Amino acid sequence: MDRRTISTRKSSKRKLEQDSEPENQDRHKIPATDTAASYESHQKLTRDIQTQVDILNSSFSSLEADRAAAKRATSVLSQFAKTEDLVDTMVDCGAVPALVMHLQAPPPTRGENGPKLYEHEVERGSALALGLLAVKPEHQQLIVDAGALTHLVELLKRHKNADNSRAVNGAVRKAADAITNLAHENSGIKTRVRIEGAISYLVELLEHADTKVQRAAAGALRTLAFKNDENKNQIVECNALPTLVMMLRSEDTAIHYEAVGVIGNLVHSSPHIKKAVLLAGALQPVIGLLSSPCSESQREAALLLGQFAAADSDCKVHIVQRGAVKPLIDMLESSDVQLKEMAAFALGRLAQETHNQAGIAHNGGIVPLLRLLDSKSGPLQHNAAFTLYGLVDNEDNVADLIKVGGFQKLQDGEFIIQQTKDCVAKTMRRLEEKIHGRVLNHLLYLMRVAERNIQRRVALALAYLCAPDDRKVVFIDKNGLDLLLGLLESGSVKLQCDGSVALYRLATKASSVFPVDAAPLSPTSQVYLGEQYVNNPTLSDVTFLVEGKRFYAHRICLLASSDAFRAMFDGGYRERNAKDVEIPNIRWDVFELMMRFIYTGSVEINIDLAQDLLRAADQYLLDGLKRLCECTIAQDISVENVSLMYELSEGFNAMSLRESCILFILKQFDKLCTKPWSSHLIQRIMPDVRHYFEKALGKPTKLT
């Protein structure tokens, strides 16, 4: 992501406006509201502009009257140019060539020896007006094609042959500002500026006695260095780095802001310049700018440190050793979104080194980084997530992150861009890889001695993160299950939902390791007579009367099917010798399905008959059929009927159906909790929930 564009051009137009002469501002100021409404008509404005352009075109001479007229005209046009709606009108009226002509001194009159009247001031006004026109990108090339660059570079040279006068300094400063605006985001003009020879003069101006000139020169170099490798190299070759590094230490915020911006653009995507900047001693003053009262300088410094940190691991360590971590963490709490983003960007690069990871966490970086995950800014979210990804690579940080609720924050966060989602997913996997040995021991210690809310956070995290071999220790031996079950009984819906989701996750992970108890028994083919003997009088030795109809059966098949039939035909019951056995309270279609299962070992169960068939299977102790019924019924569980289904499982001791109800309740708790009967249901199922997990987690691990 290209971050240099954030601060490359804060407001060139405003900068050009700042130093206008007060008397001119008062005399020709255009109201800042509706400009057109401030004058009688747009036509009058156009005439006024055209008048000033005509004055410039007719006054290019050294005569006193012409020089005074030109000074007034450039001043008026500068004021007009501050109103964006008038810029196009000025260009249409021919202001550009007229202003370019007055960037240079007029030819001397015959016999003229002394200084020209208003020397440098007309040129200053022209440079100011052209710089304001260049704020609109569509006018930049027009101004350059009119020959402005050559004259602007000549203005930069004037400081060499004149004293440090206000007029000279003003002309030089406005020339640098105009170059800044002309070259802004225009690679062709940046190259033209270099070809015209401006860079060497701008570098010289960094050492000018006037701080405003220094600032203007740095601003121009900053723009020229942005995404232009040839310009970068020439700036470095002109020996700008030592001066720029000294400017970083300036107490003038405007100076160090521009200086850090120049350096930032120089090092961007240029490893060799980055190395040269570090060798020039920039690291410590850049770190010092993290505490600047200027938030823009702080932002640029943080960005620059992030770029330095990407250079090599030694630089990462040096940045931390020199005190950058604490102010960067403090910046995470700023109200300035961009400042927070740059701080997170720098910390993210620093967090790729092991010792730095521990240092960032030790200095309190985890909590503010977690808070940034709630940001509505995608880049800010991503930088925070990337930093946290680095921090959890260090085992010393894992327990601390879980302790403050970091796992839940990562799990529940709403992330804006896909790269952030991917980064968070990798962080979760990295956390899971760390939950063993001393990290797990630390978490178990917290789960035993920490405050209740911390114990719960740890248990919730371990439900997702701990390895299969450790689940029994964590949740049975070390009380983790009690903590999760306690969440279900808490008064907070959020905690109840967190607990239910964690328990469901734990149950599904356990079921992927242990055999599923609810699975129906596999039929053993040699026990069954087969489909052809179902209700077949051939060799039948017993007849059942169901709803007044006869059903032909075979004792040997029935005796092999269940203890209930063995007791009926091989015990002391009257059915033992009876030829016809009456079956009350079972419908014919249900009885037929039951007998079909006895003869074949399998049957397709319609959901409409499943509950009646379950009752019959329970009565005649047909466990295999009972489980098939439970599986069918479980497919029909819903939020509306889960309470009745649970009652059904209790009535017939249908354990797999009961477990299916428990898992459904845990999975759909967020919907169930809105029902008025939900709290009663939770209290009712708690013993079975505990039993379910004690049984599942207490088994020896059987990895497949």
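**Reading salt bridges and a helix pair**

Modeller: Lysine 494 counts as partly exposed, at 49% relative accessibility. The model is a predicted one.

Biologist: Is aspartate 498 buried or exposed?

Modeller: The cut-off for buried is under 20% relative accessible area. Aspartate 498, with 17%, is therefore buried. Its side chain meets that of lysine 494 in a salt bridge, 2.7 Å from N to O. Both residues belong to helix H33 (residues 493-511) and sit four residues apart, about one turn of the helix.

Biologist: Which residues do salt bridges that share partners join into one network?

Modeller: Arg587, Asp589, Asp612 and Arg615. The structure holds 37 salt bridges.

Biologist: Which parts does the salt bridge between arginine 438 and aspartate 396 tie together?

Modeller: This pair meets at 3.0 Å, N to O. Arginine 438 lies in helix H29 (residues 437-449) and aspartate 396 in helix H26 (residues 395-403), so the bridge links parts 42 residues apart in sequence. Aspartate 396 is partly exposed, at 42% relative accessible area.

Biologist: How are two packed helices described?

Modeller: By the angle between their axes and the distance between the axes. Here, the axes of H38 (residues 623-634) and H40 (residues 655-667) come within 8 Å and cross at roughly 20 degrees. Angles under 35 degrees count as roughly parallel, so H38 is roughly parallel to H40. Their crossing is right-handed.

Biologist: Which residues of H38 and H40 make the contact?

Modeller: H38 contributes Glu630, Ile633 and Ala634, while H40 contributes Met655, Ser656, Leu657 and Ser660. Four of the contact residues are nonpolar, two polar and one charged.

Technical notes
Residues numbered from 1 in each chain as written. Predicted model: local features only at pLDDT ≥ 70, side-chain atom pairs only at ≥ 80, totals over all residues. Heavy atoms only, no water. Axes fitted to C-alpha atoms, helices over the stretch in contact; angles between N-to-C directions. Helix = DSSP H or I, 4+ residues; strand = E, 2+ residues; numbered from the N terminus. Parallel < 35°, antiparallel > 145°, perpendicular 65-115°, else oblique. Left-handed = near helix turned anticlockwise from the far one by under 90°. Contact = heavy atoms within 4.5 Å. Nonpolar A, V, L, I, M, F, W, Y, C, P; charged D, E, K, R; others polar. Salt bridge = Lys/Arg side-chain N within 4 Å of Asp/Glu carboxyl O. Buried < 20%, exposed > 50% of the residue type's maximum accessible area, 1.4 Å probe, protein only.
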